[in-house]
Amino acid sequence: VRMASSLRGEVLNLYKNLLYLGREYPKGADYFRSRLKAAFLKNKDVKDPEKIKQLIARGEFVIKELEALYFLRKYRALKQRYYSDNNQ
């Protein structure tokens with residue numbers, strides 16, 4: 001039971017982190033939030049600790065993908081700003 005409760009904490013943290021990252025999602029925070037909630041609800045009855053760990057790992061991968069997406073978007077915006085300033 002103790003392991004399940006620590007995994008529950010990990011799942012909650014994952015959800016919070018994804019929710020926070022979703023604020024900048026290109027299609028909008030509401031779109032992201034509804035998709036996120038659906039994904040978590042779909043797996044709410046999973047009891048196997050190994051399966052839960054796999055799902056957490058998938059969620060952490062999504063976090064890395066989102067961070068990369070946002071980083072690239074900021075990089076492109078800065079690059080565009082820099083080069084458009086030079087061409088004037």
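**Entry 1: tyrosines**

I looked up Tyr-83 and found it partly exposed, at 47% relative accessible area. On this scale buried is under 20% relative accessible area, exposed is over 50%, and partly exposed lies in between, with a 1.4 Å probe and protein chains only. A note to myself: this is a predicted model, where local features need pLDDT of at least 70 and side-chain atom pairs count only at pLDDT 80 or more, while totals for chains, interfaces and linings use all residues. Residues are numbered from 1 along each chain as its sequence is written, and side-chain values use heavy atoms, with hydrogens and water left out.

**Entry 2: aromatic pairs**

How many aromatic pairs does a search of the whole structure find? I got 4. Rings of Phe, Tyr and Trp (its six-membered ring) pair if their centres lie within 6.5 Å; planes under 30 degrees apart are stacked, over 60 edge-to-face, and the rest tilted. Tyr-25 and Tyr-31 are stacked, because their ring centres are 6.0 Å apart and their planes meet at 10 degrees. I also checked cover: Tyr-25 is partly exposed at 24%, and Tyr-31 is partly exposed at 29%. Tyr-82 and Tyr-83 are edge-to-face, with 5.2 Å centre to centre and 75 degrees between the planes. Tyr-25, Tyr-31 and Phe-32 form one aromatic cluster.

**Entry 3: fold and core**

I read the chain as α-α-α, with 3 helices and 0 strands. Helices (H or I, at least four residues) and strands (E, at least two) are DSSP runs, numbered from the N terminus. Next came the largest nonpolar core, a set of 11 residues including Leu-7, Phe-32, Ile-56 and Tyr-70. Such a core joins buried Ala, Val, Leu, Ile, Met, Phe, Trp, Tyr and Cys residues through side-chain atoms within 4.5 Å. Helices α1 (2–21), α2 (29–42) and α3 (49–86) each supply at least two residues of this core, and α3 gives the most, with 5.

Leaving aside residues up to four places away in sequence, Tyr-70 touches Leu-21, Gly-22, Glu-24, Tyr-25 and Pro-26, where contact means heavy atoms within 4.5 Å.

**Entry 4: burial and contacts**

Of the 88 residues in the chain, 16% count as buried. Among contacts with a separation of 6 or more, 69% come from residues 24 or more positions apart.

**Entry 5: Phe-71**

Is Phe-71 buried or exposed? I found Phe-71 exposed, with a relative accessible area of 58%, and placed in helix α3.
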